[in-house]
Amino acid sequence: MGDRLPIAADPANASHLPVLLAPTLDGLAVRPGAWVIDCTIGGGGHTEALLSRSAPDGRVLGIDADPAAIRRVSLRLADAIAARRLVLFHGDFARVEEAADVHAFAPVDGVLLDLGVSSFQLQTSERGFSFLHSGPLDMRFDPTQSLCAADIVNDWDERDLADVILRYGEEPQGRRIARYLVQHRPFATTAELADAIEKAVGGRRGSRLHPATRTFQALRIVVNGELTQLEAVLPQALRLLKPGGRLAVISFHSLEDRIVKQWMQDEARTYVHDPTRLHGGYDRQPTLRILTKKPIVADEAEVSRNPRSRSAKLRIAEKLPTI
Ligand SMILES: C[S@@+](CC[C@H](N)C(=O)[O-])C[C@H]1O[C@@H](n2cnc3c(N)ncnc32)[C@H](O)[C@@H]1O
């Protein structure tokens, strides 16, 4: 129902501050006339800045799995759409090559991924991402998909639920939480679930993190297939880039960051054929140059302005020319 409200009355239309904006734009080295794919258009914050840096004739292809994000940006950046400088694609970013094909948008100078959940989604209680704004146990980026958080919490068996919480939430108390949830389900809202998790672990114990934080992260990752999506988009982004084009990825937890870091390191490595190994080595020149040895993180001023930036890590790499 939030999706259908006029934009000014939309509770999710609170301001959205793009994370690590300046280092992202610098890292992507956006110049006038650049073509950039923003795989996670969200509230359009990064895209608006990309359009401005690439003016007067640069172009952005903006993708989002969330139809509400696409709708909001199509209103907010209507002038850029009318000027044919912005085109939008509703779908998973694992379909980025298809999106580029549909819009004849390749090769490109830059690809941006700003992963995870937007502040609009977090603040819209009906989307069920947050226990601070209680809502149904949903957590889908794309409400047209069928699996939602309630299916996992209320229907999956205890062992599978525990595995999810341990693996994708990196929550050491995953087994205990799963046992408690299975004994006390069904749950209808995010607040009920958060309350049950707090009881399962015996209260807050003075930690800064709410005891439900990691379990909520785990559920969201599974509902949206977030790690699979990330593994699928990285090689496609590389294929879409021109030699010298840049890829920027902002991640918000260690599971995502590890995938990005390892993939970049792998693409930056030279493989040499080793005839002494039976199924062994093969020749491959590096395809990427890593521009961020360590990830870029937000400074104190940004964290105090925008607490969401606290856990953000930005990695940038440049596509090398093929020989
Ligand atoms: C952190 S927000 C992006 C915010 C945006 N950079 C801005 O400045 O407003 C992440 C967005 O990515 C979208 N998203 C997450 N995973 C996705 C996926 N696999 N495919 C497409 N969109 C995805 C979410 O729906 C959300 O709108």
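Q: In which loop does P56 lie?
A: This is a predicted model, and P56 lies in its loop between α2 (45–53) and β2 (59–64). The peptide bond leading from A55 into P56 is cis, with omega near 10°.

Q: Where does P107 lie, and between which elements?
A: P107 belongs to the loop between α5 (96–102) and β4 (108–114). A cis peptide bond joins A106 to P107, and its omega is about -5°.

Q: Let us turn to phi. What is the phi of L20, and is the residue buried or exposed?
A: L20 has a positive phi of about 50° although it is not a glycine. The residue is found in the segment before α1 (21–28). Its relative accessibility is 1%, so L20 counts as buried, the cut-off being under 20%.

Q: What is the phi of R84, and where is that residue found?
A: The phi of R84 is near 60°, again a positive value in a residue other than glycine. R84 is found in the loop between α4 (78–82) and β3 (86–90). With a relative accessible area of 65%, R84 is exposed, since exposed means over 50%.

Q: How does one read the faces of a strand, in general terms?
A: In a regular strand the side chains alternate between the two faces of the sheet.

Q: Which strand do four bridges join to β2?
A: Strand β1 (residues 35–38) is joined to β2 by four bridges, and the two run parallel. Within this pairing, V36 has V60 of β2 as its bridge partner.

Q: In which sense do β2 and β3 pair, parallel or antiparallel?
A: β2 and β3 pair in the parallel sense, over five bridges. β3 is itself mostly covered, with four of its five residues buried.

Q: How many residues of β7 are buried?
A: Strand β7 (residues 313–319) has six of its seven residues buried, and is thus described as mostly covered.

Q: In which sense do β5 and β7 pair, and over how many bridges?
A: Strand β5 (residues 241–251) pairs with β7 in the antiparallel sense over six bridges.

Q: How many bridges join β6 to β7?
A: Three bridges join strand β6 (residues 288–290) to β7, and these strands also run antiparallel. L288 has K319 as its bridge partner in β7.

Q: How does one compare separation along the chain with separation in space? How far apart are G244 and R95?
A: The two quantities are read side by side. G244 and R95 are 149 residues apart in sequence and 23 Å apart in space, C-alpha to C-alpha. G244 is found in strand β5 and is partly exposed, with a relative accessible area of 39%.

Q: What separates the C-alpha atoms of T190 and A34?
A: These C-alpha atoms are separated by 42 Å, and the residues are 156 apart along the chain. T190 is found in helix α10 (residues 190–200), and at 0% relative accessibility T190 counts as buried.

Q: Finally, the ligand. How many residues surround it, and which are the closest?
A: The ligand is surrounded by 24 residues, and the closest are H46, D64, F93, D114 and Q121. The space taken by the ligand is the second largest pocket.

Q: Which polar side-chain atoms lie 2.8 Å from the ligand?
A: A polar side-chain atom of H46 lies 2.8 Å from a nitrogen atom of the ligand. An N or O atom in the side chain of Q121 is 2.8 Å from an oxygen atom of the ligand. The backbone also takes part in the list: a polar backbone atom of T40 is 3.5 Å from a nitrogen atom of the ligand. Taken alone, the ligand exposes 610 Å², of which the protein buries 98%.

Notes: Residues numbered from 1 in each chain as written. Predicted model: local features only at pLDDT ≥ 70, side-chain atom pairs only at ≥ 80, totals over all residues. Heavy atoms only, no water. Buried < 20%, exposed > 50% of the residue type's maximum accessible area, 1.4 Å probe, protein only. Pairing = 2+ DSSP bridges. Near = heavy atom within 4 Å. Polar contact = N/O pair within 3.5 Å; in protein donor to acceptor, adjacent residues only side chain to side chain. Areas by Shrake-Rupley, 256 points an atom, 1.4 Å probe, with all protein chains shown as cover. 1 Å grid on protein atoms, 1.4 Å probe; cavity = no way out; pocket = protein on both sides within 12 Å on 5 of 7 lines; lining within 4 Å. Sits in = over half its atoms within 2 Å of the grid points.
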